[in-house]
Amino acid sequence: MASKTTKRANPGYRCSECGWSTVKWVGRCGECQAWGTVTESGADASSGRTPATTVATPAVPIGEVDASQARFHTTGVSELDRVLGGGLVPGAVVLMAGEPGIGKSTLLLDVAAKVARHRRPEGSTRSVLYVTGEESAAQVRLRADRIGAVADTLFLAAETDLGRALGHLEKAEPDLLIVDSVQTLQSQSVDGTAGGVTQVREVAASLINEAKSRNMTTILVGHVTKDGSIAGPRLLEHLVDVVCQFEGERHSRLRLVRAVKNRYGPTDEVGCFDLGDGGIVSLEDPSGLFLSGTANPVEGTCVTVTLEGRRPLVAEVQSLLTPTGQGSPRRTVSGLDAARINMILAVLQRRAGFPLNQDDCYVATVGGVRLTEPASDLAAALAIASAKLNAVVPKGLIAFGELGLAGEVRPVPGIGRRIREAARLGFRRAVVPKSPEPLGDLPEGVRVAEVHTLTEALETMKAWVG
């Protein structure tokens with residue numbers, strides 16, 4: 001008699017915080033090291049391949065697809081439109097991430113009001129649903145009054161339960177949904193606390209499904225971890241269409257928004273904003289914020305041009321040298337990479353003959369801007385040399401270029417574009433690296449010195465000082 005083998009469900013265990021699975025129960029998760037989060041979840045071993053099902057809408061030739069449904073709609077904020085590639089796309093899901101208190105909620109509340117006030121060509125307005133899980137409705141209303149973000153078709157719901165939030169979505173049927181934030185919503189259908197990996201995955205998947213099925217634009221606010229990465233599963237960044245990073249120093253009014261992923265536009269654009277008491281406003285020309293504006297320049301300062309995405313920004317680097325009062329000199333850096341400044345000091349001492357081992361060195365930028373591009377190396381070197389020589393860098397001079405350990409000045413992209421941006425602000429002299437690429441048409445009266453080494457750059461600066 002032939003024996004029949006039956007397949008039965010094998011018990012499995014899964015961590016409710018990070019989703020780690022194991023075949024036997026353990027008290028501590030092997031992935032996130034959390035205690036008491038591993039619970040039983042039945043895993044059906046009899047499941048085989050997924051069978052094919054009948055589709056309601058057959059595939060069509062790509063040339064017959066209506067592309068007008070993915071047309072951009074303006075947010076009403078010019079700098080955000082620049083980052084997104086033109087505006088919001090119906091059905092798109094945007095993830096806006098940033099540190100607490102940096103201005104995400106203020107910006108999105110302003111966007112919600114402007115979208116709600118914007119009229120379609122036929123005259124009707126768009127409806128917006130703003131779901132907040134971090135503040136009460138009254139707190140959001142106070143901010144809306146302060147920044148002028150009250151509109152008739154802007155609906156507000158304070159919810160932390162995903163089911164009730166979806167219920168508001170059914171009644172309002174908005175054109176734009178803003179969730180602040182995705183880590184505060186919790187689904188009753190899965191285990192885990194709000195903000196955990198399992199909950200964030202379920203909440204994001206449900207909201208993305210609603211956005212695609214309704215052809216509704218959705219903006220999700222996301223928290224970041226201590227190291228600056230987006231909190232939650234990495235899957236969240238893969239599911240959404242656009243990922244925007246909100247950056248800025250807490251004590252500075254300048255805020256930058258950059259797209260690190262964009263299915264509908266470029267990822268090399270940067271939006272600049274000014275965060276004040278009256279809200280957050282776009283900065284079409286932010287270069288003036290990063291200059292000291294002193295009538296009489298002093299030694300130890302040099303202006304450079306950095307590229308934020310495709311946008312050139314003019315910024316000032318300042319340096320101060322004082323005799324050290326202790327055994328080892330102090331190196332203090334603000335707004336630049338401290339490791340690169342130490343490298344520049346070593347190159348100045350070894351390749352240019354500047355004795356700097358008995359001086360405390362302080363290097364900083366103006367306006368709270370952070371210069372991470374290596375193109376600011378040459379300006380930092382000239383600022384330090386100016387402070388050591390007690391000589392003022394000529395007014396109207398800019399310098400940029402990457403500095404190597406051998407003392408060479410390496411080319412950087414967009415040299416002509418940087419020079420033209422500086423000339424627009426009144427700078428007429430430039431010390432730049434020699435590049436095989438043509439500089440293009442430069443404004444009349446601009447003098448450009450192309451150098452190969454740091455020594456040539458220093459000699460050029462001294463000649464122009466004289």
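Contact here means heavy atoms within 4.5 Å. Everything below comes from a predicted model, where local features need pLDDT of at least 70, side-chain atom pairs count only at pLDDT 80 or more, and totals for chains, interfaces and linings use all residues. Residues are numbered from 1 along each chain as its sequence is written, and side-chain values use heavy atoms, with hydrogens and water left out.

**View 1. Helix α7 and what covers it.** Helices (H or I, at least four residues) and strands (E, at least two) are DSSP runs, numbered from the N terminus. α7 takes in residues 338-351 and reaches 20 Å from first C-alpha to last, close to the 20 Å expected at 1.5 Å a residue (1.5 Å times one less than the number of residues). Its buried residues (under 20% relative accessible area, 1.4 Å probe, protein chains only) are I341, M343, I344, L345, V347 and L348. Their cover includes β15 (331-334), β16 (359-365), α8 (377-389), β18 (402-403) and α10 (454-465). After the helix comes G353, with a positive phi near 75 degrees.

**View 2. An open sheet of nine strands.** The order reads β6-β5-β7-β8-β4-β9-β10-β11-β12, with mixed pairing (strands pair if DSSP finds at least two bridges between them). At the edges sit β6 (154-158) and β12 (279-282), each pairing on one side only. Strand β5 (residues 128-132) runs parallel to β6, joined by five bridges; T132 has A158 of β6 as its bridge partner.

**View 3. R418 over F400.** The charged end of R418 sits over the F400 ring, 5.5 Å from its centre (the cut-offs are CZ of Arg or NZ of Lys within 6 Å of the ring centre and within 35 degrees of the ring normal).

Notes. Buried < 20%, exposed > 50% of the residue type's maximum accessible area, 1.4 Å probe, protein only.
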